Structures are given as C-alpha cells and as structure tokens.
Amino acid sequence: MKATAMAHPIQGLVKYHGMRDDIERLPYHDSISVCTAPSHTRTTVEFSMDYDEDTYVVDGEELEGRAAERVDAVVEKARDMSDAAHTVYPVRLESENSFPTNVGLGSSSSGFAAAAMALAEAAELDADRPTVSTIARVGSASAARAVTGAFSQLNTGLNDEDCRSERLPSNLHEDLKIIVGLVPYHKETEDAHNEAEDSHMFQARNAHIHGQIAEMRDALRNDEFDDVFELAEHDSLSLAATTMTGPEGWVYWQPATLAIFNRVRELREEEDIPVYFSTDTGASVYVNTTEEHAEFVEEEIADCGVSTTIWDVGGPARLLDEDEHLF
C-alpha cells in the first residue's frame, strides 16, 4: 500500500509542442529527450483508510487548483489500471525535488515519473516501464520519457498501446556532460502547449519534426555527438519561435539566456570546442559538451553571470527501499 520512487528530469532534444488530447495528454508528434542526473524527484505514495481524502504535497506545500488536478489524473489512471482493492482508499502523495522547479529544468517530468512509478508499485500493477510511462504521461507527456530514462522517445498515438515511451540505444551517455546555466525566470509550460496550435508556425514545425526525429534516432544510434546536439540546438530555436508567435507572444528567454547562447557559439566557432546550447520552455540553458571540456565550459558559462552545475545522464525511474520513504 506504500511505495517510494525516484526519477530524473529530462532535457528535451526533439521536443513536442501542443497536444491533440488535453486529458490523456497525447502529443501531435514523437519527442526525444535525455534524462539528467543527479537532479531528481523522490516521491512516496500510500493508499490508506486512515486518510480522509487524497492529499498531495510537493516540497512541503500542499497542492491546490490545477496542480492538484494534474496529480489527480495520474492517481486515477493508476487506480483504473489496478485490481487491488486498497486503491479505493484515499492516497497521500509527498514529493521532494533536489533542484529548482518551474525554471525550465523539467521538474514536471521527474515529478510525474516518480509519482507514476510509486503509484504503480503501491497499486500492485506489476507493470513494465513503458506501461508505467502511460500513467506518467497524463500528468506530463515529458514524464513518460523520464520513466524509461537516459535517451528515450515518446511515440505519438491515440491510445496507451501506441503513445508510450521507449529507451533508445546510444553510448553517448559515457562522454556527455551537461552544464546547466540557471536563469531563474518562472514559467508555465502547460499554458504554452495550450496555445501552440494558434501560432502561424505550428504547422510548419509539425511538417519538419518527423524528419528531425528520424535524424536524431540515427545520430544517437551511431553515437554522433555533434549531430545529436546540433539538432537539439536547432530544435530549441524552433520551439521558441512557435511559442513566441502564439496569441500571448511569450518570450521566456532573458538577457542571461542570450548571453549563454552567444558564448556557446563563440566557444564552438573560435575555439573548436564541441559545445551546444539547448532550452526547453524556459529561460535556463542546458549546455551540452564532452567530459574533456566540461570544467572549462562551465567556467565560461559562469562568466555570463549565472549559477552553474555539471550534470550527467540519468537512468530510468526506480523504486527505493522502505528506509527512503518521505513519511
């Protein structure tokens, strides 16, 4: 009846934008990402008749409104898939993040992935990770990829049999280092997805995204570092263009974001360092480089006036022992 799980957030490499189904969170097209570690979310869930109602707490704060509704969707998905009698009892879910949230670093992906993994165990589903990814997906489509971990692809579809995550083979995790340039500007990714279809660039993005997916899969399979992260850099620009041309005209990037972009290009063009920038829906920047250059690149990014840290590739969501329960 009680379980705890941990999951790593994702960096989008070929990102989805917009959803054909807002309830089941079915994206219009496939997406590919890489999990980042040691950043993680740890979540404990318990179904118990001792509770009066479902309760969700994240980083010490009880969720309300839309945030609680999104967790409700994941809980109910797990309940619907379970035959265990105890899932009719109220559930308590507590979650803690090891990194800043709502700043473009994928906290919703790790949050819903950890929740789905813990719920699947507490509900006695005996499910594999692709199946658990369909539970996480209704909270955040990116969370589906956080369930399977490392380099993963969420396939589009109209049902759980098709729209689930799969792990992609690649050895790039052995050399990849991710420098995070933290630009603490609050954003709401869900709002951007909701209005993406109203951008005049939405159809153009959808038209070329399938080719990008094929190229990204091929580059990952062949461990082509420059090809993978050049594609990710260009996809970041495409995503932002679609966001900025929606009805609200949202511009998430801040001066520090652009300063990092410029420094990355200088390092690549003037010093021949394999380094590429990437952003999701937010102002913070992922700077992808190799282990050989990681410390130097971090120093250069820090000179842009931002807080930095070096992350590695994270694995799949996993269950933790009882002594790691949050309550």
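The questions and answers below concern a predicted model.

Q: Why is Leu93 called buried?
A: Its relative accessibility is 4%. Buried means under 20%, so Leu93 counts as buried.

Q: What makes a residue a contact of Leu93, and which residues are touched?
A: Contact means heavy atoms within 4.5 Å. Not counting residues up to four places away in sequence, Leu93 touches Thr43, Thr44, Val45, Thr55, Tyr56, Val57, Val71 and Ala115. Leu93 itself has its place in strand β9, residues 91-97.

Q: How far apart are Leu93 and Lys2 in sequence and in space?
A: They are 91 residues apart in sequence. From C-alpha to C-alpha, the distance in space is 9.8 Å.

Q: Which residues does Tyr56 contact, leaving aside neighbours within four places in sequence?
A: Tyr56 is in contact with Glu61, Glu62, Leu63, Ala68, Val71, Asp72, Val75, Val91 and Leu93.

Q: What makes a set of residues a nonpolar core, and how many residues has the largest one here?
A: The members must be buried residues of the nonpolar kinds, joined through side-chain atoms within 4.5 Å. The largest such set has 36 residues. Those with the most contacts inside it are Val45, Tyr56, Val71, Val74, Val91, Leu119 and Ile135. At least two residues each come from β1 (2-7), β6 (41-47), α1 (65-81), β9, α2 (107-122), α3 (129-137) and α4 (141-148). Helix α2 gives the most, with ten residues. Apart from this core lies another, of 28 residues, among them Leu13, Phe151, Ala219 and Tyr276. In soluble globular proteins, nonpolar side chains tend to be buried together.

Q: How do you know that strand β10 is paired with β5 and with β11?
A: Two strands pair if there are at least two bridges between them. Four bridges join β5 (residues 31-37) to β10, and three join β10 to β11 (residues 165-167), so both pairs meet the cut-off. Both are antiparallel. Gln153 of β10 is the bridge partner of Ile32, and in β11 the partner of Gln153 is Glu166.

Q: Why are both faces of strand β10 called covered?
A: Phe151 and Gln153 lie on one side of β10 (residues 151-154), with Ser152 and Leu154 on the other. All four are buried, that is, under 20% relative accessible area, so both faces count as covered.

Q: What does UniProt list for residues 7-164?
A: The unreviewed entry gives "domain: Diphosphomevalonate decarboxylase-like N-terminal". In the model, this span is 32% helix and 27% strand, and its end C-alpha atoms lie 17 Å apart.

Terms used:
Residues are numbered from 1 along each chain as its sequence is written. This is a predicted model: local features need pLDDT of at least 70, side-chain atom pairs count only at pLDDT 80 or more; totals for chains, interfaces and linings use all residues. Side-chain values use heavy atoms; hydrogens and water are left out. Buried means under 20% relative accessible area, exposed over 50%, partly exposed in between (1.4 Å probe, protein chains only). UniProt positions are given in the numbering used here, feature names are shortened, and annotations may be inferred rather than shown by experiment.
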